[in-house]
Amino acid sequence: MSNNSFKVSDDKLGKTASFPLLEGTLGHPTVDIQNLNRDMGCFTYDPGFTSTASCKSDITYINGDEGILLYRGYPIDQLAEHSNFLEVAYLLMNGELPSKAEYEKFESEITWYSKIHEKLRGFIEGFHYDAHPMAMMVGVVGSLSAFYHSELDVNDPEHRRISALRMLAKMPIIAAACYKHSIGDPFVYPRADLGYCKNFLNMMFARPSERFFIDEREYLNPAAARALDLLFILHADHEQNASTSTVRLASSTGANPYACIAAGIAALWGPAHGGANEAVLSMLAEIGDIKRVPEFIKRAKDKDDPFRLMGFGHRVYKNFDPRATIIRRTCHELLEKQASKDPLFELALGLEEVALKDSYFIERKLYPNVDFYSGIIYKALNIPVDMFTVMFTIARTAGWVSHWLELMADPSKRIGRPRQLYTGKPRRDYIATDRRG
Ligand code: CMC
């Protein structure tokens, strides 16, 4: 951190003050305005946090102009090519890649915690069969806090480590159980002999009563597991996005970690964030035919129409989303192996081509983001559309728990408590009348 300072002077307030200008390892310098109110008697106004750093973090770095995404310093394309999701999760949580022995221990601990209390199934079964799986995820993950609360000491680093492992291990089981509940199938128990992704595919698609008719090699094929692993790596963390910030804000109060992750799941569900992958597929289905692309592009540009091109634009990336570049390539590879072309992918490519040439999208630097393509891969893996955001949840848990671990170990942590610019009525007196009859 440098010792530079940032000077602020205001004639109306009649005050001048200087504030530390902090320099991170990479990225823009950041003005430390913690004493702005004390020194200048004013607050800052930044709806949507477009210029506000809410914390210091060592986990992930994004440069939106240059399309750079680093996990603990490692470029996302290198991790996507050489790593796997569990190794990336270890890296995010611990700061360094594991040695062989550390990886084996981590994997066996994840396998150990890959079970849920039988009573938790009662929560899942309490939902109506047509409940949206994200609604179930919010409720069921939140209810984990009822199972792990009284003996959990969030001030103990080992308790925190185990909570993070449990979260990562149980998320795919809960996700698959929600799916099985929605189709009325029996719950499939996790298998210790399968890796993280294959285990998930097995819990989703195995049908024990039909095991003589369905060849498990169909849904446990290595290409499917690898495609899933890649998507999980790409979605594992994305610095202070809306859901991670939600997890941090909830955690800053010292709340139960499982309840904090449930808060993150709720934030992820929205179509502006993780819900975009489901929204992209719904949008492509609505467009239906390449001939209708101009009509939808016109609607996306019309300020009186709430329609937006889902999977386009990003708060941080203003050039390209490096995750989208990787995933677009994977879409091509995966779909080329399929006997027939996926008309939705063809339509997505057509839509992308028209939008990228349109001055509206060029001027606003709106490019396809990761979720423009992720749904197409999930669809190729036979994951139902309403499970797409649930898939994002499994992956992002690695990031959420890493940020939770970082925050809880930070000696300078304080409860998150933003200020506001009050625009309501000034003080007024209550006049007693007989309005309540
Ligand atoms: N379609 C049409 N116009 C758009 C779009 C879009 N997808 N995205 C932004 N714009 C326009 C917006 O109307 C505004 O225009 P103007 O300057 O004329 O008022 C301008 O571009 C800037 O948009 P903004 O809403 O101020 O940008 P933001 O940073 O607040 O929002 C966003 C970012 C991702 C929420 C937004 O681009 C969006 O809604 N995209 C579609 C949803 C989506 O794909 N979300 C997934 C994001 S990636 C996954 C993740 O990490 O969560």
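**Sheet, cavities and ligand surroundings in the predicted model**

Strand 1 and strand 2 (residues 15-22) run antiparallel and are joined by six bridges, strands being DSSP runs of E with at least two residues and helices runs of H or I with at least four, both numbered from the N terminus. The structure is a predicted model, in which local features need pLDDT of at least 70 and side-chain atom pairs count only at pLDDT 80 or more, whereas totals for chains, interfaces and linings use all residues. Residues are numbered from 1 along each chain as its sequence is written, and side-chain values use heavy atoms, with hydrogens and water left out.

Three strands make up an open sheet in the order 1-2-3 with antiparallel pairing, where two strands pair if DSSP finds at least two bridges between them. Strand 1 (5-10) and strand 3 (30-31) each have a single partner strand and stand at the edges, so one side of each is left without a neighbour in the sheet.

Two cavities of 30 Å³ or more are found in a search of the whole structure; a cavity is a set of points, on a 1 Å grid over the protein atoms alone, where a 1.4 Å probe fits but cannot get out, and its lining residues have an atom within 4 Å of a point. Grid points are joined across faces, edges and corners, and the volume is the space filled by probe spheres set on the points. The largest cavity holds about 40 Å³, and its lining includes Gly-313, His-314, Tyr-317 and Lys-365. The second largest cavity, of about 30 Å³, is lined by residues among which are Ser-163, Met-167, Tyr-258 and Trp-404, with at least two lining residues supplied by each of helix 7 (157-183), helix 12 (257-269) and helix 19 (388-408).

The ligand is surrounded by 21 residues, of which His-273, Arg-308, Leu-309, Gly-311 and Arg-315 are the closest, a residue being counted if one of its heavy atoms lies within 4 Å. A polar side-chain atom of His-273 lies 2.5 Å from an oxygen atom of the ligand, and an N or O atom in the side chain of Arg-308 is 2.9 Å from an oxygen atom of the ligand. For Ala-272, a backbone N or O atom lies 3.0 Å from a ligand nitrogen atom.

Met-310 is placed in the loop between helix 14 (293-301) and helix 15 (322-336). Apart from neighbours within four places in sequence, Met-310 contacts residues including Pro-271, Met-283 and Phe-372, contact meaning heavy atoms within 4.5 Å.

Conventions. On a 1 Å grid over the protein atoms alone, a cavity is a set of points where a 1.4 Å probe fits but cannot get out, and a pocket is an open set with protein on both sides within 12 Å along at least five of seven lines; lining residues have an atom within 4 Å of a point. A polar contact is a pair of N or O atoms within 3.5 Å; within protein, one must be able to donate a hydrogen and the other to accept it, and residues adjacent in sequence count only if both atoms are side-chain atoms.
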